[in-house]
Amino acid sequence: MFSLRILSILALASACCVYSAPIEQLNRRIDQIISDSTKPWQDACVKAGGTQDKCSNVAVTAFTSLLEAGGACDQQNSADAMIDLAKQLGSDPDMIRLAQIFVQQPRNSPDKLQVPYCQVAPRNEELNGLFHCQFSGSDFTKFSGDQTGNVPLGLTSLSPAGSCPANPQGPVPDGVQLNTLVQEPVANT
């Protein structure tokens with residue numbers, strides 16, 4: 001009798017989970033494993049002669065800029081810091097290239113809406129004209145927040161929606177790191 005009651009409860013709990021899964025999927029946020037976004041840059045930093053601590057500190061600050069609570073320019077500011085350190089290490093070209101790819105990585109979205117673009121020019125000229133892609137699961141009819149920054153700095157429109165210079169054909173698949181899709185910060189067209 002006792003085991004039958006437990007089996008009934010387990011069956012009921014399983015049924016509830018099956019029915020709730022589609023609702024949860026409709027409201028899920030778009031996210032990624034953010035530490036993967038800076039791992040190649042951090043490895044290049046150490047290879048170029050940076051200390052593990054210094055490279056790690058810049059990388060951690062950078063990948064946290066991809067969190068859903070990040071400000072519109074936090075990612076670009078972090079990419080500027082990545083390039084600043086690259087310049088301190090002899091203008092390491094691999095570090096600069098990877099920072100240029102990082103600044104284009106899609107950011108986490110709390111609500112499946114597009115993430116606004118930074119509307120301030122970067123400190124380092126190596127980042128001029130670069131902006132983040134969006135994830136493909138984004139709602140391309142609106143942006144998170146106050147609806148400013150809906151077009152990258154210096155542009156009047158963006159086609160296709162969700163694209164960026166490194167990935168001009170369109171948005172990045174949900175949760176994928178741009179550095180696994182491209183090797184250069186600007187696609188050869």
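At what angle do helix H3 and H4 pack, and how far apart are their axes? Before I answer, a word on what we are looking at: this is a predicted model, in which local features need pLDDT of at least 70 and side-chain atom pairs count only at pLDDT 80 or more, while totals for chains, interfaces and linings use all residues. Residues are numbered from 1 along each chain as its sequence is written, and side-chain values use heavy atoms, with hydrogens and water left out.

Now the helix pairs. Helix H3, residues 52-64, packs with H4 at an angle of about 160°, the two axes being 9 Å apart; here helices are DSSP runs of H or I with at least four residues, strands are runs of E with at least two, and both are numbered from the N terminus. The axes are lines fitted to C-alpha atoms, for helices over the stretch in contact, and the angles run from 0 to 180 degrees between N-to-C directions. H3 and H4 are therefore roughly antiparallel to each other, a term for angles over 145 degrees. H3 passes H4 in a left-handed crossing, that is, with the near helix turned anticlockwise from the far one by less than a right angle. On the H3 side the contact (heavy atoms within 4.5 Å) is made by Lys-54, Cys-55, Val-58, Thr-61 and Ala-62, and on the H4 side by Ser-78, Ala-81, Met-82, Leu-85 and Gln-88. These residues divide into six nonpolar, three polar and one charged, where Ala, Val, Leu, Ile, Met, Phe, Trp, Tyr, Cys and Pro count as nonpolar, Asp, Glu, Lys and Arg as charged, and the others, Gly among them, as polar.

H4 in turn meets H5, where the axes come within 9 Å and cross at roughly 180°, so these two helices are also roughly antiparallel to each other. Gln-75, Ser-78, Ala-79, Met-82, Ile-83, Leu-85 and Ala-86 of H4 touch Met-95, Ile-96, Ala-99 and Phe-102 of H5, and this contact divides into nine nonpolar residues, two polar and no charged.

H5 also packs with H2, at an angle of about 165° and with the axes 9 Å apart, in a left-handed crossing. Pro-40, Trp-41, Ala-44 and Cys-45 of H2 make that contact with Asp-94, Met-95, Leu-98 and Ala-99 of H5.

Which helices each supply at least two residues of the lining of the largest cavity? They are helix H2 (39-47) and helix H5 (93-102), and H5 gives the most, with three residues. A cavity, on a 1 Å grid over the protein atoms alone, is a set of points where a 1.4 Å probe fits but cannot get out, whereas a pocket is an open set with protein on both sides within 12 Å along at least five of seven lines, and lining residues have an atom within 4 Å of a point. The largest cavity holds about 60 Å³ of space, and its lining includes Trp-41, Met-82 and Leu-98. Volumes are the space filled by probe spheres set on grid points joined across faces, edges and corners.

The largest pocket holds about 190 Å³ and is lined by 17 residues, with Gln-76, Cys-118, Leu-130, Phe-131 and Leu-153 nearest its centre.

Finally, two backbone details. The peptide bond from Ser-159 to Pro-160 is cis, with omega near -5°, and Ser-91, in the loop between helix H4 (74-88) and H5, has phi near 55°.

Conventions: Parallel < 35°, antiparallel > 145°, perpendicular 65-115°, else oblique.
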